[in-house]
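User: I would like to learn how to read domains and a ligand shell in a protein model. Could you take me through them step by step?

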Amino acid sequence: MKATVWSGRNTVQVENVPDPQLLSQRDAIVKISSTAICGSDLHLYDGYMPTMKRGDILGHEFMGEIVEVGKGVSNLKVGDRVVVPFPIACGGCAQCAAGNFSVCENSNPNADMAAGMFGHPTAGIFGYSHLTGGYAGGQAEYARVPFADVGPIKIENDDLTDEQVLFLSDVFPTGYMGAEMADIQPGDTVAVWGAGAVGQFAAASARMLGAERVIVIDRFPYRLKVAADAGSETLNYEEHPNVVETLKELTGGRGPDRCIEAVGMEAHHGHTHVYAYDRVKQAARMETERAYALREAIMACRSGGTVSIVGVFGGFVDKFPIGSLMNRSITLRAGQCHVHRYMRPLLERIEKGEIDPTFVHTHTLPLDEAPHGYETFKHKTDDCLKVILKP
Ligand code: NAD
Ligand code: ZN
Ligand code: ZN
């Protein structure tokens, strides 16, 4: 089959690789109809996840048709149309039982490596480095789905297009969880850093959960326009470099009640010394992240408010404003999305017409053009917000 493989920093290729096979009774093989590129893939593409190997198959956002199914999967049959959540979860461990699927205790064969980095292991993730299990991803013609009795959700309504349901695999649930973790109360003002697909869904979800005002922060006018069209206020930090002060001005001096970080380890900032400092340290591998947006989120948040992190971080951060967090009673929450928890309720919201996830979709390319898709998405050219690849 054809698959998108990682072959070094800033290089992906579409290559012929062996077809996946059932390895366990709880596996299924999915013939992929649509698969997307995520900001998380950019962290791999840009070389910030050290446990990638040449030839690893990328992709964790995918859907398609079941073409083979193990004997242990009684809820799916050949021909079913499914969306697959990006974390791989067994469904039976203590964490799965608690609904914390992205920290499943049974799905990461490289648990020791992850524990070495994080103190404890995390779940396996499709196409997302050896730290998360080294599983082949879904930017390919086929994928093997472990624990297929637990993860994939069947889409029975043929009227729903792939584009309407594909984002249930990650970015819609992730944005939703970002808003849920923020503990939004009716009337709250919520600030969202990052107008990528994750930030866009966080902003939309914040409104669903009762926020009165949502302010989305980014530097790309075309991305901010998508947020504005969906009902958010916007703040372009190239026009207003002091984001913390600007947010205070917009909120009567108090700061947003809830702050959602949807940027992650590669945050950009052009206007301060800390940016240069972070770049140097990150390049020298002396710190793993540029936590620029995270620092702003904490400093901007009103006292007693909540900061919710869905942007991905991989290791350690310098100049973390622990004094602000501690002295001002701020609650900090974070997580890789427990996608399994949210797929069904969010599918229902799509079916009821409460949200149309296609508002973030800008590009469709054949799988063969994945390298072009990565470049366009990375550099935010051609007003690119979300790329779907068609195998
Ligand atoms: P994206 O690259 O499309 O969007 C990121 C946006 O952040 C860009 O528009 C960029 O301009 C903006 N940005 C950069 N620096 C900024 C700053 N200092 N202030 C404000 N905005 C800034 O990526 P995406 O697909 O939307 O993903 C966003 C983040 O969410 C990534 O870190 C990704 O890894 C992470 N993610 C997390 C989960 C999870 O389960 N927690 C799931 C999917 C993605
Ligand atoms: Zn993703
Ligand atoms: Zn589990």
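The dialogue below turns to the domains, and then to the ligand.

Analyst: This is a predicted model, in which local features need pLDDT of at least 70 and side-chain atom pairs count only at pLDDT 80 or more, while totals for chains, interfaces and linings use all residues. Residues are numbered from 1 along each chain as its sequence is written, and chains are lettered from A and ligands numbered from 1 in the order in which they are written.

User: Which domains does the assignment give?

Analyst: Domain bounds come from an automatic or database domain assignment; here they are domain 1 (2-170 + 337-390) and domain 2 (172-334). Their C-alpha centres lie 25 Å apart, and 25 residues from domain 1 and 22 residues from domain 2 take part in the contact, which is counted where C-beta atoms, placed from the backbone, lie within 7 Å.

User: Which element gives the largest share of the side of domain 1 that touches domain 2?

Analyst: Helices (H or I, at least four residues) and strands (E, at least two) are DSSP runs, numbered from the N terminus. On that side α12 supplies the largest share, with 4 residues, and α1 (39-45) and α12 (339-351) each supply at least two.

User: Which residues come nearest to ligand 1?

Analyst: A residue is near a molecule if its C-beta atom, placed from the backbone, lies within 6 Å of it. Of the 34 residues around ligand 1, the nearest are Gly39, Gly194, Gly196, Gly264 and Val312. The largest share of this shell, 4 residues, is from α1, and domain 1 and domain 2 each contribute at least three residues to the shell.

Definitions and conventions. Two residues are in contact if their C-beta atoms, placed from the backbone, lie within 7 Å.
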